[in-house]
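Please read these notes alongside the coordinates.

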Amino acid sequence: MARSMMSVSMVLSLLALVTVYAVYLAVSDIPRLASPQGCRMSWMSPSYLLQSGFNTSWTPLANRYTLWLYREVGWEPNQPVGVPALFIPGSAGSSHQVRSIASSAARQYFSSPFVISSEFNGRGIKPVDFYAVDFNEDFSAFHGPTLDSQIAYTTAAVRYVLSRYPPDTQIIVMGHSMGGVVGTALLPSPNISALITMSTPHTLPPVRFDSRIEEIYARNARVLREDETPILSLCGGATDTLVSSESCVIPDSDQLSSGLYRRTVFTSALQGAWTGVGHREMVWCHQVRWRVARAALELGGVGSSHDAAAARERILDRWLRDGLPVSDEESVELRHGTYETLPEGVHLVVKNPRGQRMYLVPVLPGAGEVPTTFVLYVSGGAISGIAPHHALDLRVSVQLCVSSTGLEAPVPSVPATCTRLPPTVLKLLPSPLPGRPFPVPNEGSDESEGVVLFEGEIPSNVQGWIGVSINAGENGGGGWVVGGFDRREIIKRDSVGLSGLIFGTTYIPLTTAVGGLRTRVHIPLLPLNVLLVYRLLPHFADSPSCADAIFPPLLMHVSQPSEIHYYPLRYDKPVWLHSHTTAPYVSPVEANARQHGLNLTIYSYGYGCADPTDLILTLDWWGTLGRIGTRYPTTLLSFCVGIVSVVLFRAWRPGAQPQRVSESLETFVRRVMPQLMAVAALMALLPLSHKWYLGLSGELGLPASFLAVFLVGLATGLVCLSWWVLRLLIWPLGFVGMRVVPSRRPENSGLRRSTVFSMVFVLLIIFLFVPWQVAFLGCWVIQLLSCAAYSQDGHDKSRTPIVVDASAEAIPLRTQSEYGVSKQSTENGVAETLSTANTLRGIDPYALHQNEHILLFLTWLLPLTAPVLAVWVRTLMTAGYTTPFNGDHNVLKILPVLWLVDYVGRGHVLDTRNWGMISPRWGFVTFSLVSALVGGRWVYLVYDVANFQVAFLLFWDVISSRYLT
């Protein structure tokens, strides 16, 4: 039976190891499948000038951090001559990351070295002086005090930089990753004109092991809601596997009643970019960096007039836009010979237009009260200012024309008045090349690419014409214009839900029409959760040849106003749909009824390139596994700690036979794990807050239960695997432990005075110099060596009884006799401790097994302290050994663990007997509930509750020695 149970533990451990590896592969595949990256590498000639004047007279942190001024070698002078901008790197980031954006700004402003470009000459716009703070690549995401130090240093840096410029000068702030959190913390400030953040986790800390980071985030949340400074957040989407992009979304301006400017733009929706962008790539991706640089140049040209705030908002919307309409156009008057009227029902198709011409497209009669939509595509040209950056000499405008002789006239024989048709949609669409991947790896989209999409609704009671005015060069420069009416209704599939995709495949037939312009699909019941990846395969009647098509089928997936994804639809080529609308532990984005569910639009035009006849939709399990792997690491860790807590609760039952850890784990796997899975599955169905448990608020239903069962099983397997790893460590360390760990007799239940002095000394060192996490690591090492020494000593069959002088000075705590350890006094003051048959170095088997359980417990608490250890080591390496380490000197965080390790290391057994209905073991149940319910969102609470449970165990041990013996 033991062998069978042991095999279960080994099998579960191997399954956990294989699962972790599979999750790793799935996470690695997410950027390739769901959000491929197409970024052109940026090049520059950098130089960095240390700002030595920013010294300790400005801030004491000048001894730790530095400030630099970027200069493009050979293009701009070394001294600052323009408008200041400050770049703030993120966790483990470098000040040198400013070079891509700063170089682009310099080379856009200067057409050649020291020669101002014609785009800026005469406009009163100055170049941008890019400063960058350097934080020695500190791990600010792990440590609140480090983040506070960076905020304090950056605040002083802003004052110093502005002291070098005329009064009332404002600075533009840019932050990458956690640098955006630092930048937000600088607000409110009248010295900052705008804040642009890149891949910044605004609403959810990426590492949630420190409560002080939560305090910074709480302050920043108020800034995002209340401060008047324009803030724009750029997000990389699923390509960014380091920062979850749902935390990059900030409250939109429409959600704030105060009218503040807040904008979130996913790079997949950023016009001209249309690509996912990785976390580190965000600062150098050419398609992004030149737009950020251009926005900074334009922002620097805004003065301090009363409408300066509105001007800055327009600049941000123009250069970092994702589909917002812009300027209006005046009415025009038609005359004979200047226009051409198309037959009713015929699409407008103009290739390589030349000169100036107006085309009238008759408005089709409306069907009931449903408005008719006019759709227009313009390749390479412009509509109302929306165009590729390097556009053709092609300008198009759209008007609604009515005859002056009345609405009934079939053809305008006299001049007619045309008024601008306001667009409901006006944006730049990508134009993927047939046969090439989209986006093109290592290249992406060119500044000259793109098709302008115009959609305008005509009320059903209006009759007349749509006037399309085309103004092109006389020689023609390429491009095309296609337009027509779309009266097809949205294809809705109200019966399709997530459960149907889990157990099967959904076929969505499409309305086909020769020369159709767009097809819309809405599946309202499909959740747009970040964990889910849908696989969509377009089906064509025949293999289409789209090489000569005007506009091959392009799928647009809109999951929220700030997040749009584009996919070319090709024969036998699936696409992977994903979203960041709702996510674990993040407040859901408010959306109207039309935005709920899956919203797809297919844009196309081209005879010979058929539209798909239907769509085959299913849930992609591999992609979903990858998304789960990036959202639940801390939740999984909390589950592991909670499972260890339950194991200790069962193993330390009063009167129970001593069990090794392996036996406790096997019992847990066979008896308790199925029960925990059932409870976890039921809890996943409850509509809890998005901050509790799995953070899903009951949104996913049955799949959430599957996820909970999966996490419990994986966590159990990892706990079993960790014990096998510890056993492998214990075996070779046994020889070391026998020499390092002194032999102590178990009846010595007091604290020696030397032990008290040593503990006080250690606590003093923690209070003055090192963080308490270092002491925790030391406690874990000592516990490991103790278990190794006792385990090695168990092989010594010739061990003789230990005789110790009872007169040794000690502070008695209690006399222990319940677990097979007896204390006998003799007349000459000599006490002899005799263990049972398997006495191990003076410790009975129960004490040995309890030590091993404690080692497992401390092992799973170790990851909760590791991030701060990494920050401390990094600080020592970069800032010097004499640099003070702020925070983490609270001795109460480590005192119970120090006491525990010393106490059980001397052979004592913790007393876990009941006192009536009260038992210290129930603290482990409370601890496991806390780990499961709040560990995913506030994982730092897990250690605090564990520390309290350890203190409670020791307190109970002292009390029980007096009242329960």
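1. A residue counts as buried when its relative accessible area is under 20%. The model under review is predicted. S233 has a relative accessible area of 0%, so it falls under that cut-off and is buried.

2. S233 sits in strand β9, which spans residues 231-235. Beyond its neighbours within four places in sequence, S233 has contacts with T197 and H202, with C248 and I250, and with R263, T264 and V265.

3. On the scale of the chain, 57% of the 965 residues are buried. The accessible surface amounts to about 39700 Å², and carbon and sulfur atoms account for 58% of that area.

4. The chain contains 18 helices and 33 strands. Taking contacts between residues at least 6 apart in sequence, 80% link residues that are at least 24 apart.

5. How do helices α10 and α11 cross? Helix α10 covers residues 633-651 and helix α11 covers residues 661-684; their axes come within 10 Å and cross at roughly 105 degrees. Angles of 65 to 115 degrees count as roughly perpendicular, so α10 is roughly perpendicular to α11.

6. On the α10 side, the contact is formed by I643, V646, V647, R650 and A651. Helix α11 contributes S664, L665, T667, F668, R671 and V672. By type, the residues in this contact of α10 with α11 comprise seven nonpolar, two polar and two charged.

Notes
Residues are numbered from 1 along each chain as its sequence is written. This is a predicted model: local features need pLDDT of at least 70, side-chain atom pairs count only at pLDDT 80 or more; totals for chains, interfaces and linings use all residues. Side-chain values use heavy atoms; hydrogens and water are left out. Helices (H or I, at least four residues) and strands (E, at least two) are DSSP runs, numbered from the N terminus. Buried means under 20% relative accessible area, exposed over 50%, partly exposed in between (1.4 Å probe, protein chains only). Contact means heavy atoms within 4.5 Å. Accessible areas come from the Shrake-Rupley method with a 1.4 Å probe; for residues, only the protein chains shown count as cover. Axes are lines fitted to C-alpha atoms, for helices over the stretch in contact, and angles run from 0 to 180 degrees between N-to-C directions. Angles under 35 degrees count as roughly parallel, over 145 as roughly antiparallel, 65 to 115 as roughly perpendicular and the rest as oblique. Ala, Val, Leu, Ile, Met, Phe, Trp, Tyr, Cys and Pro count as nonpolar, Asp, Glu, Lys and Arg as charged, and the others, Gly among them, as polar.
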